[in-house]
Amino acid sequence: MKKKVAVLMSGGVDSSVAAYLLSRDFEVIGVTLKLLKCEMFKDTAKQLCCSPKDIYDAKSVASQLGIRHYVLNLTYEFKKLIIEKFCKDYMNGFTPNPCMWCNEMIKFGITFKRLKSELSIDYLSSGHYAKIIKERNKFYISKAKDDSKDQSYFLSRINPDVLPYLILPLGELTKLQVRQIAKDLGLKVYEKKESFDLCFIIDGDYRSFIKSNQQFSQKGKVIEYATKRFLGYHDGHFNYTIGQRKGLKLKNSNSKYYVVEIDPTNNILYVGTEDMLYKDNLIATNCIFYEEFDKLVKSKNLYAKIRYKSDLAECSVEKIDNDKVKIIFKNPQRAITKGQYVVVYDTKGKVLFSGEITDYSK
């Protein structure tokens, strides 16, 4: 009997091709997650994630491939674990990355447990561009062949216990190859555009989204960090992130200021010159380790990303406690931001651990 694998089908080209590739060796079941309530799709010019159109596309592809397809409704879980936390973190002065949480808690957390229990799956799969590798009887996430599409950063929060059950068939393919496979198969989604914005926010306007979902104190002071001099007012600290210049309406200064610190308790933005954005360390908490920490401390070849689009930066690590790590960079990094995630790799592109950035040493 063939092993059973559930493929998370978003209705896009990547997960559709992943389902096809696996169908040659496994019994494949397509599963599309319904994460948003139907009323969120009314009167929107732009499609949100897991829209009725996406579900229809996924079901159509499953029909073409001759595989079963299910829709799993996780709207309640998504609202409680992702949307509410997103708003809360912004109000607390963080700049969150909800895609990390969704992969950790929803797609490869709750979904995996539900499908293993209810459909008796052997494996779970998706259309992410990354690899699962095995070394010394341990499983790791590793960077994809197509570096421009690599999504290992976003998968670095998956529970290590799930990795033995995870298959990522696109890890050795480029995006062009994936689209060509879909075209050759006659899948209508082969030209479907990708979405890069937050999946639950219309037109990427997170500020309006937070205003509609939170009570907030809007107007607050802008203070020069070095001198503590009052410079003007801002229209809500959640509208800003570390390193931001745009939107600072400072009438009392002609200098080029950047947001260097956010004080959510007092609703204050601290601003300073660009050189103040560079830090040589950060503190990460809520860490997920794929490698023993003793080996990490001894390693001289560690490289970290402080956000998805940042370059890898050479670093070393120090343990603060069991769930708290200090990362020291060889060269200072620009705009280290609380709420983002740091992901540490080895020289081969293997993910060693990740953690939420919560502070840095002054």
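## A salt bridge across the chain

Glu291 and Arg136 form a salt bridge, their closest N and O atoms lying 3.2 Å apart; a salt bridge here is a side-chain nitrogen of Lys or Arg within 4 Å of a carboxyl oxygen of Asp or Glu. The pair links distant parts of the chain, 155 residues apart: Glu291 sits in the loop between β12 (278–289) and α7 (293–298), and Arg136 in the loop between β5 and β6. Helices (H or I, at least four residues) and strands (E, at least two) are DSSP runs, numbered from the N terminus. Glu291 is buried, with a relative accessible area of 9%. The terms run as follows: buried is under 20% relative accessible area, exposed is over 50%, and partly exposed is in between (1.4 Å probe, protein chains only).

This is a predicted model, in which local features need pLDDT of at least 70 and side-chain atom pairs count only at pLDDT 80 or more, while totals for chains, interfaces and linings use all residues. Residues are numbered from 1 along each chain as its sequence is written, and side-chain values use heavy atoms, leaving out hydrogens and water.

The structure holds 22 salt bridges. Glu135, Arg136, Lys138, Glu291, Glu292, Lys295, Asp346 and Lys350 are linked in a network of them. Arg136 also has a phi near 50°, a positive value in a residue other than glycine.

Elsewhere, Arg334 pairs with Glu274, with the closest N and O atoms 3.2 Å apart. Arg334 is partly exposed at 29% relative accessible area, and Glu274 is partly exposed at 33%.

Helix α3 (residues 75–91) packs against helix α6 (residues 206–213) at an angle of about 100°, their axes 10 Å apart. Axes are lines fitted to C-alpha atoms, for helices over the stretch in contact, with angles from 0 to 180 degrees between N-to-C directions. The two helices are therefore roughly perpendicular, a term for angles of 65 to 115 degrees.

Ile83, Phe86, Cys87, Tyr90 and Met91 in α3 meet Tyr206, Phe209, Ile210 and Asn213 in α6, where contact means heavy atoms within 4.5 Å.

## A buried threonine

Thr111 is found in helix α4 (residues 98–118) and is buried, at 0% relative accessibility. Leaving aside residues up to four places away in sequence, Thr111 touches Leu8, Leu33, Leu72, Leu74 and Ile106.

Conventions. Angles under 35 degrees count as roughly parallel, over 145 as roughly antiparallel, 65 to 115 as roughly perpendicular and the rest as oblique.
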